[in-house]
Amino acid sequence: AVFISIGALVQGSLLQDFILDETATLEHRQWIWNRYGTAYRSLYTFYEITFAGNWPTNARPVMDMVGHPFVIIYLAYVTFVVFATLRVVSAVFLKDTLDAAREDDESMVTERLKNRENY
């Protein structure tokens with residue numbers, strides 16, 4: 001949640017100048033405002049980027065409408081948060097699952113050995 005907040009607030013703040021720029025088309029300014037105009041909107045957009053994996057649909061229009069340097073934030077965010085952090089969390093859950101399965105196997109072997117001794 002911390003990284004989502006940081007990414008959202010940084011990107012939202014950087015895009016405020018474009019939203020207020022009257023030389024840009026109203027349609028483009030509205031698109032940016034609908035996704036990054038407030039802290040809540042920007043947080044929701046970054047939540048979608050993180051968990052829905054739709055970052056290209058949010059990064060490409062910003063790159064085309066505002067400028068290419070803004071994509072650096074997306075690339076850094078996706079590389080660090082989505083690929084690194086979420087993969088680490090997934091690996092921890094997978095390790096716990098495999099450990100539990102191994103313990104089940106060991107308990108089954110122990111139980112079978114006890115059953116053989118009884119016969």
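## Nonpolar surface patch

L14 is found in helix α1, where helices are DSSP runs of H or I with at least four residues, numbered from the N terminus. In this predicted model, local features need pLDDT of at least 70 and side-chain atom pairs count only at pLDDT 80 or more, whereas totals for chains, interfaces and linings use all residues. Residues are numbered from 1 along each chain as its sequence is written, and side-chain values use heavy atoms, with hydrogens and water left out.

L14 is partly exposed, at a relative accessible area of 41% (buried means under 20%, exposed over 50%, partly exposed in between; 1.4 Å probe, protein chains only). Together with V2, F3, I6, V10 and F80, L14 forms a nonpolar surface patch of about 540 Å² accessible area. Patch residues have over 30% relative accessible area and no salt bridge; like charges are joined within 9 Å, nonpolar side chains (Val, Leu, Ile, Met, Phe, Trp, Tyr) within 5 Å. Helix α1 (residues 2–14) gives the most to this patch, with five residues.

## Charges in helix α6

A patch of negative charge on the surface gathers E103, D104, D105 and E106. D105 lies in helix α6 (residues 71–118) and is partly exposed, at 47% relative accessible area.

The structure holds one salt bridge (a side-chain nitrogen of Lys or Arg within 4 Å of a carboxyl oxygen of Asp or Glu). K95 forms a salt bridge with D99, their closest N and O atoms being 2.8 Å apart. Both residues lie in helix α6, four residues apart, about one turn of the helix.

## Confidence

The chain has a mean pLDDT of 87, and 99% of its residues reach 70 or more; pLDDT is the predictor's confidence in each residue, from 0 to 100. Confidence in the chain is lowest in α6, at a mean of 81, and highest in helix α3 (residues 26–36), at 96.

Note on methods:
Areas by Shrake-Rupley, 256 points an atom, 1.4 Å probe, with all protein chains shown as cover. Lys, Arg positive; Asp, Glu negative; His and termini not counted. Charge placed at Lys NZ, Arg CZ, Asp CG, Glu CD. Helix = DSSP H or I, 4+ residues; strand = E, 2+ residues; numbered from the N terminus.
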